Amino acid sequence: MTILKKINKVSVSCALYYLGIFVIGLGCTNLFSLQGYLLLVGTVIVAASAILDGGLQFNRKYIVLVLFCISFFAFSFISGEDRTVRNLLYNFCYYVFMPVVLSAVFFQRSHDRNAKKATIWSIASGFAIGGWLLIVSTYLYAGNDFDSVIVSFWDNHSISRTGIQLYFVPLFALSFSWFLNVKRCNGLRYWFVFVALMLYDAFVFYYSLEIGNRAIFVSIAAVIVFFFLLLVSKLRSNKIKLAIIVICILMILLIVGMTLGILPMPDFLANIPVIKRFLAGGSNSQRVKLYMQFFANFWRYPFGGTYHVIEDRYVHNFILDIYTFGGIIPFALFLILLVWYLCGLKSAEAKYTLGYDGLFLFVGIFTIGMFEPLFEANAFYIPIVCLLFEDIFALTKEPVSVRSIKIKRSYRI
């Protein structure tokens, strides 16, 4: 009877976890403009699954992650202009509750690779559906004029190009991880996933050209280059390796030559919105000006608020924007977390976590974040980045239990 109770408890916990990540994935679609509510409900369900499974467990690096979330929430709210109760609750949910809870559950399930992979694929798929819905609604509203306006079925205001690109990046990055890792090239399931991901990547590439945001192409290029580097490292034939490297170098030289005007740019390429922006320099001078204004004034606002004295609200670099809104404390804590994450990737045990999925997702998110206000454009990216961090931090075998909740077993890799 006791064994049956334990089996039932584990089964219910597992069912709740997958139900929770399904609701979170649904929330990422922003269906009926319910993103925040669905993400909150999904996080509560995931937390319930963890408590039922024995309680929350974490390590010492997780404590630093919690301090980052709390400090970023507190200082960005204090230095902000909107100090309403509604904004306080909004920021608390996205900056503290969701990342803290989801990261703790990730640590608790460090033994369960399938559950963690299902989590990030659910999030990425939800964003992908949300991006597709934005494209459809904009097409119905304004035709193919994506460079001018992007609208949603559910909201009465237009959406920034950065906002929609953040819907595209996660699944695009994960698709290349799937292409690299797939071992069996037969069966209906394989071909269905292969065709679906190829169509999605083509969809992202085409509409990103139409929308005209340059940052996503930096992210796309980084993901593709990373893919080819890993692919070449897996090949046994030195001749094939050399051929791929030569082809990549020639393509890079061709792109650089056309961008700099050394080689002629075909008209059909020059008329594409995003290529026009690359050729015209886009907002390069404005971005440089923002950087200069930030570095000239950041010391005056050590606890957040630098955005008051720069022309744009954002520096368009998500790490610097942490300082812009939250000041030096969350900025320093985030840099510590980032260094720990990068150092943790060298561990041989890293392959037992999310593996290439986590790496590709990090490359895609980090590169677009270097040119866009990542956390401000979509606050749910804070929990996503924290999940990637905690996935590697779970390799540290220093479990700490929540004393108020009895931990019935210890999960270690």
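I took contact to mean heavy atoms within 4.5 Å. The model I examined is a predicted one.

**Entry 1. Overall make-up**

I began with the chain as a whole and counted 17 helices and 2 strands. The chain has 413 residues, and 50% of them count as buried. I then looked at contacts between residues at least 6 apart in sequence, and found that 72% of these join residues at least 24 apart.

**Entry 2. Helix H3 against helix H13**

I asked which residues of H3 meet H13. On the H3 side I listed Phe68, Phe72, Phe75, Ser76 and Ser79, and on the H13 side Ile322, Phe325 and Gly326. By class, the residues of this contact of H3 with H13 are 5 nonpolar and 3 polar, with no charged ones. For the geometry, I noted that H3 spans residues 60-79 and H13 residues 318-326, with an angle of about 55° and axes 7 Å apart. The two helices, H3 and H13, are therefore oblique to each other.

**Entry 3. Helix H3 against helix H4**

I turned next to H4, residues 85-108, which packs with H3 at an angle of about 175°, the axes lying 10 Å apart. An angle over 145 degrees counts as roughly antiparallel, and H3 and H4 are therefore placed in that class. H3 contributes Tyr62, Leu65, Val66, Cys69, Ile70, Phe72, Phe73, Ser76 and Phe77 to the contact. Among the residues that H4 contributes are Asn87, Leu88, Asn91, Phe92, Tyr95 and Pro99. I recorded 16 nonpolar and 4 polar residues in the contact of H3 with H4, and no charged ones.

**Entry 4. Cysteines**

How many disulfides does the structure hold? I found 0. Cys14 is partly exposed, at a relative accessible area of 29%. For Cys386, I looked up the nearest cysteine sulfur, which belongs to Cys69 and is 3.9 Å away; Cys386 is in no disulfide. A disulfide requires sulfur atoms within 2.5 Å. Cys386 has 2% relative accessibility and counts as buried.

**Entry 5. Ser175**

I located Ser175 in helix H6, residues 161-181. Apart from neighbours within four places in sequence, Ser175 is in contact with Trp121, Leu197 and Asp201.

**Entry 6. Tyr341**

Tyr341 belongs to helix H14, residues 328-344. I noted its relative accessibility as 2%, and Tyr341 therefore counts as buried. What does Tyr341 touch, not counting residues up to four places away in sequence? I listed Gly358, Phe362, Leu388, Phe389, Ile392 and Phe393. I also checked Tyr341 against Glu390: they are 49 residues apart in sequence, with a C-alpha to C-alpha distance of 8.3 Å.

**Entry 7. Val232**

My last entry concerns Val232, in helix H8, residues 215-234. With a relative accessible area of 13%, Val232 is buried. Leaving aside neighbours within four places in sequence, I found Val232 in contact with Lys241, Ile244 and Ile245. The C-alpha atoms of Val232 and Ala243 are separated by 10.0 Å, and these residues are 11 apart along the chain.

Notes:
Residues numbered from 1 in each chain as written. Predicted model: local features only at pLDDT ≥ 70, side-chain atom pairs only at ≥ 80, totals over all residues. Heavy atoms only, no water. Axes fitted to C-alpha atoms, helices over the stretch in contact; angles between N-to-C directions. Helix = DSSP H or I, 4+ residues; strand = E, 2+ residues; numbered from the N terminus. Parallel < 35°, antiparallel > 145°, perpendicular 65-115°, else oblique. Nonpolar A, V, L, I, M, F, W, Y, C, P; charged D, E, K, R; others polar. Buried < 20%, exposed > 50% of the residue type's maximum accessible area, 1.4 Å probe, protein only.
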